[in-house]
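Please open the structure in the viewer and keep the selection panel at hand.

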Amino acid sequence: MKLAHLADLHLGFRQYDRQTPRGGNQREADVAEAFRRAVDDLLVQRPDLIVVSGDVFHSVRPTNPAILFLFQQLHRLRAGLADAPIVVIAGNHDTPRSVETGTILKLYEALGVHVVVDQARRIAFPQLDCAVLAVPHQALMQAERPALRPERGAAHNILVLHGVLEDIIDPEWSVSDYGSARLTRPDLAAAQWDYVALGGYHVLHDVAANAWYAGSLEYVNPRAWVQVREEASREVPGKGYLLVEVPGARTSFRPVAAARKHLDLPPIHGAGLTARQLDEQIAQRVAGSKPAIDDQVVRLIVYDVAAGTARDLDHPAIRQYKARALNFHLDVRRPEPQRVVGGGAPGRRHPLPDTLREFLGRRPLDADLDRDEFVRLGVAYLDRVGGEAAERAAGSG
Amino acid sequence: MIRPAEPGSPAPLGRVVATELKPATPHQFHFWTANETTIGIGAIVKVEGPGVGDQGPGRVVYGVVTDGFAYSDLATPLHDVVAAEGDPARAAESPSVRQEIRLWTAAVLRQQPEEPLQPVPLGAVYVASDADVAQALRMDAYVTGAQPSGIPVGLYTAAGLEAPVYLDADFLLGPEAAHLNISGVSGLATKTSAVEFLLASIFEHFPAHKGRVAALCFNVKGPDLCFLDRPGALDDADRRRYERLGITPQPFERVRYYAPFKADGVNLNTLRTHPDLVGDVEPLVWGLSEVLDFAEVLLNRDDIDAKADAFIDFLSDRVLNKEFDDGFGGSHRVQTFADLNGLFRAIFDGLELSGRSDMWRTHHIATIRKVRNRLSNISTRCKGLVTDDGPSSDLPWGRFEDRTVYVVDVANVDPLGQDLVFARAVSKLREHLERRDLGVEAVVVFVDELNKYAPGDGPETYVRKMLLDISERGRYLGLVLFAAEQFRSQVHRRVVGNAGTTLFGRMDADELATPGYHVLSPAVKIKLATLPIGELMVRHPHFTQPIFVRFPRPAVLRGRDGVERFPPAADLPFEEAVVRQLARLDRRIRPNQVKDLIAERRPDDVRRALAAVRRTRPDDALAYFRRMLGARVAPATAPAREAVPPLNPISEEPY
């Protein structure tokens with residue numbers, strides 16, 4: 001039996017403000033495109049069973065295009081692979097927080113897809129001599145979890161679930177899906193299953209010879225760079241899904257080409273450099289990027305740049321880079337504050353706006369936020385509050 | 001002739017004599033007594049030397065009788081034979097009774113004043129009183145005072161007198177000296193009884209200023225230590241002795257039992273399985289990480305192998321609980337024996353398929369195979385103690401309680417497992433005592449069968465190294481070894497040599513003939529060889545000579561009696577054993593509820609859930625147990641699927 005294991009589609013995920021020609025969010029379209037390519041490949045590979053281990057949608061109330069798109073793609077699969085059952089479970093992203101919210105996933109039952117949203121279900125497929133225990137996020141969050149164990153009656157037993165193994169959670173929750181149920185290896189008892197199809201960890205990862213996270217099909221986390229770094233360090237061949245031969249759990253990774261790349265340009269260490277020198281190095285990094293930064297998601301970290309130097313950078317050039325890339329994040333970082341314990345008279349105290357500017361300048365930000373704008377806005381708010389206070393003081397005086 | 005005593009003062013029982021051939025010295029003297037006397041070998045006597053002028057009483061010397069002689073004025077035995085004309089029956093018809101003399105040899109215990117040290121004066125000899133015994137044994141230095149530290153060890157008994165004898169806690173439990181060694185032939189219930197009694201004595205008399213104390217006892221054979229919390233039979237003499245020693249005759253108030261499971265993982269491997277008692281026994285179960293920390297124990301048994309040690313260190317440091325790449329494209333996270341076996345398999349297969357050398361990450365394949373064999377050996381031979389992938393259950397490290405006995409029953413565990421349990425438990429004790437976070441300041445570790453664990457010859461083992469380490473360093477940490485063996489001469493010299501206090505029960509004559517006993521007189525050896533049950537010879541740093549004491553029977557149920565009164569229960573079937581364990585935690589639980597719940601569940605899952613309940617002790621044990629097992633999900637056959645009709649295309653592409 002050939003099984004296809006997909007996970008973490010996150011359809012409807014939006015990022016950055018770049019739009020498609022039709023006016024939709026470009027990254028949302030990218031995520032959809034990745035799934036379309038996966039479906040194309042599935043139709044070629046013709047698995048006997050398809051499982052999707054949660055987080056089909058990025059949110060409980062996905063965008064209308066996402067709903068329509070999934071309908072289209074599942075219909076393609078059902079029409080093209082009429083004998084291959086499709087099992088879809090809800091992950092933490094597409095599980096409603098309250099019962100009355102309901103779930104759009106049920107819509108796809110009309111296409112003959114086995115959708116498991118709240119309670120765990122063991123679905124037997126006699127024609128495959130296979131039973132799939134489908135465990136959605138909600139079932140793992142209940143006080144009494146389902147027993148994640150196979151039962152007699154089927155030659156092949158598959159476990160599909162959405163949760164994160166406690167021993168592989170990354171501290172920043174940049175790869176693990178924040179909010180996922182936590183699992184331990186004894187919970188899984190991987191040795192008792194023919195295959196365990198896991199969702200909730202966005203990088204391809206084996207937790208046992210027969211238990212895998214397929215990873216997401218696209219970078220669907222604001223901190224994509226952590227995933228990029230992990231993929232590089234673990235030599236993971238990008239995004240895609242798994243084909244699994246059962247029994248034996250021989251896995252083969254089917255890469256799915258992304259619509260665009262995430263380019264983390266070599267960082268610049270700016271200590272002692274002038275603004276002009278920095279501009280030159282930034283330009284070199286951009287020029288040396290392979291592929292070129294056009295339409296890609298790009299980050300360039302510049303360490304140890306004083307606030308004054310950052311202000312003097314060639315901002316028109318930077319705006320040009322931003323225009324070329326889908327997103328160009330020039331991450332200019334201030335020098336580490338020197339903690340000097342000194343004696344004698346205290347130094348001059350900085351005015352509050354300067355202190356705020358310095359703090360916001362080094363505070364970690366989501367990748368899609370513009371730091372300069374962020375700082376400007378913060379200081380403006382402070383000014384406004386300060387002005388109002390001064391007026392009140394004058395009035396009461 | 002001995003002069004009659006002055007009214008109100010005790011009568012002397014003898015007088016010191018000294019001749020050119022038998023002089024009195026500063027360390028030994030001789031005295032004669034009437035033929036009918038109450039003293040014997042081991043009796044403590046007091047010699048009062050004559051005072052000089054008005055300077056008060058003279059020198060006082062205390063001694064212990066070490067030998068005795070009886071003889072008459074016969075020049076040779078031939079004279080007596082001739083006098084009786086060779087007929088022993090006619091000897092009794094002799095018209096005069098031949099004068100007989102009783103001469104005794106005593107070793108000096110103490111002289112007062114201590115300086116200048118001089119030969120024992122030729123004075124009157126008296127039976128020592130209570131106060132004299134205290135003086136003679138230098139107990140006045142630690143039994144009285146602002147912070148007394150005397151621990152009663154038994155009653156010195158002679159001439160109708162019973163005087164308590166105390167050990168100094170500073171020299172029994174550290175820091176001045178420490179450790180206790182007890183020897184004696186087996187089967188007389190002396191060694192274990194003495195330790196049980198002494199532990200009770202320590203718990204009652206351990207001085208408050210020295211902090212808290214607990215005991216960890218390894219039960220390595222039989223039921224001896226299985227009923228310490230149950231009262232045993234005492235007679236009036238025992239009760240009187242307890243009263244004289246100031247000890248309450250009662251079983252230990254706080255005893256915690258730990259025993260591994262049998263191979264089935266639910267029945268405990270102990271003789272304390274009677275339904276009334278088994279509830280107090282906590283399981284002792286260790287996983288891979290606990291075993292791997294002390295895996296050297298498994299290796300040093302037959303061979304010392306630095307390479308294997310290095311490989312085990314590698315496994316502990318680099319592999320255990322970490323994401324690990326085997327170098328052949330496989331990734332492993334080793335948390336259980338099964339995971340480890342998977343890694344070993346991958347290494348062997350990888351080396352074979354790749355046709356590479358016999359080295360894997362600088363470790364030779366033979367070393368890897370050896371370690372693998374030893375580890376799989378322990379998980380097979382000690383199934384029940386070592387869990388393959390279940391949760392661990394351990395002694396309460398960091399939460400040891402004052403005046404509590406922790407009994408680890410490994411009597412029925414494979415010797416390899418016993419070594420592992422001992423090594424790990426003692427190492428953990430040492431770690432926590434070094435950090436001062438065990439919960440008590442001093443721990444007495446009782447180990448029987450020292451002949452087996454710390455023999456004087458034979459291969460160097462991890463356990464022997466640990467015993468040596470405790471013997472030599474333990475007193476600074478508060479880790480005190482109480483060890484017992486049959487043949488002291490065959491135990492490692494440094495282990496017995498470091499014991500500050502030594503007790504001897506009845507000894508084997510062959511053992512007494514070994515060099516270690518040359519300091520004892522033939523009479524003392526005879527006494528040791530015929531010592532009755534309940535009597536011991538004590539050596540202690542404050543006592544300059546060995547002293548005989550009698551101790552009462554311990555107030556706990558003897559092992560053999562315990563097994564008769566609380567016969568071990570037969571092993572229960574798996575389901576029944578689970579029911580019993582849960583019912584112990586929550587009496588509301590009905591057997592059928594549990595049986596329904598675990599029907600067709602895998603035993604490993606049931607064990608894991610049971611362990612979680614035991615660890616958590618929830619109010620509603622059954623509900624928690626159900627939760628830990630998880631709800632069963634019944635299979636439902638997928639409905640026959642209708643073909644999806646061709647749909648009209650959606651009029652607009654979503655993206």
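Begin at A:P247, which lies in the loop between β12 (240–245) and β13 (250–255) of chain A; helices (H or I, at least four residues) and strands (E, at least two) are DSSP runs, numbered from the N terminus. Display the backbone here: A:V246 and A:P247 are joined by a cis peptide bond, with omega about 0°.

Before moving on, note that this is a predicted model, in which local features need pLDDT of at least 70 and side-chain atom pairs count only at pLDDT 80 or more, while totals for chains, interfaces and linings use all residues. Residues are numbered from 1 along each chain as its sequence is written, chains are lettered from A and ligands numbered from 1 in the order in which they are written, and side-chain values use heavy atoms, with hydrogens and water left out.

**Backbone features of chain B**

Select B:P116, in the loop between β5 (100–112) and β6 (124–127) of chain B. A cis peptide bond joins B:E115 to B:P116, with omega about -5°. Next select B:E600, located in the loop between α21 (591–598) and α22 (603–616) of chain B. B:E600 is not a glycine, and its phi is positive, near 65°. Most residues other than glycine have a negative phi, and most peptide bonds are trans.

**The two domains of chain A**

Colour chain A by domain: domain 1 covers 2–255 and domain 2 covers 262–339 + 346–386, the bounds coming from an automatic or database domain assignment. The C-alpha centres of domain 1 and domain 2 of chain A lie 37 Å apart. Contact (heavy atoms within 4.5 Å) links 11 residues of domain 1 of chain A with 14 residues of domain 2 of chain A. About 1200 Å² is buried between domain 1 and domain 2 of chain A, 65% of it from carbon and sulfur atoms; buried area is the accessible area (1.4 Å probe) that two parts lose on being put together, summed over both. Select A:Y16, A:R18 and A:W225: in domain 1 of chain A these lose the most area to domain 2 of chain A, together 65% of what that side buries.

**The interface between chains A and B**

Now show both chains. Here 48 residues of chain A are in contact with 33 residues of chain B. Chain A and chain B bury about 3200 Å² between them, of which 52% is on carbon and sulfur atoms. Select A:R22, A:R122 and A:E144, which supply 17% of the area that chain A buries against chain B, more than any other three residues.

Which side chains meet B:D605 and A:R149 in a salt bridge, and at what distance, may be seen by selecting both: the N to O distance is 2.7 Å. A salt bridge is a side-chain nitrogen of Lys or Arg within 4 Å of a carboxyl oxygen of Asp or Glu, and the count between chain A and chain B is four.

Finally, select β5 (121–125) of chain A, one of the elements that supply at least two residues of the side of chain A that touches chain B. On that side, α2(A) gives the most, with eight residues. β5(A) pairs with strand β23 (residues 635–637) of chain B in the parallel sense over three bridges, where pairing requires that DSSP find at least two bridges between two strands. Within this pairing, A:I123 stands opposite B:A636 in β23(B).
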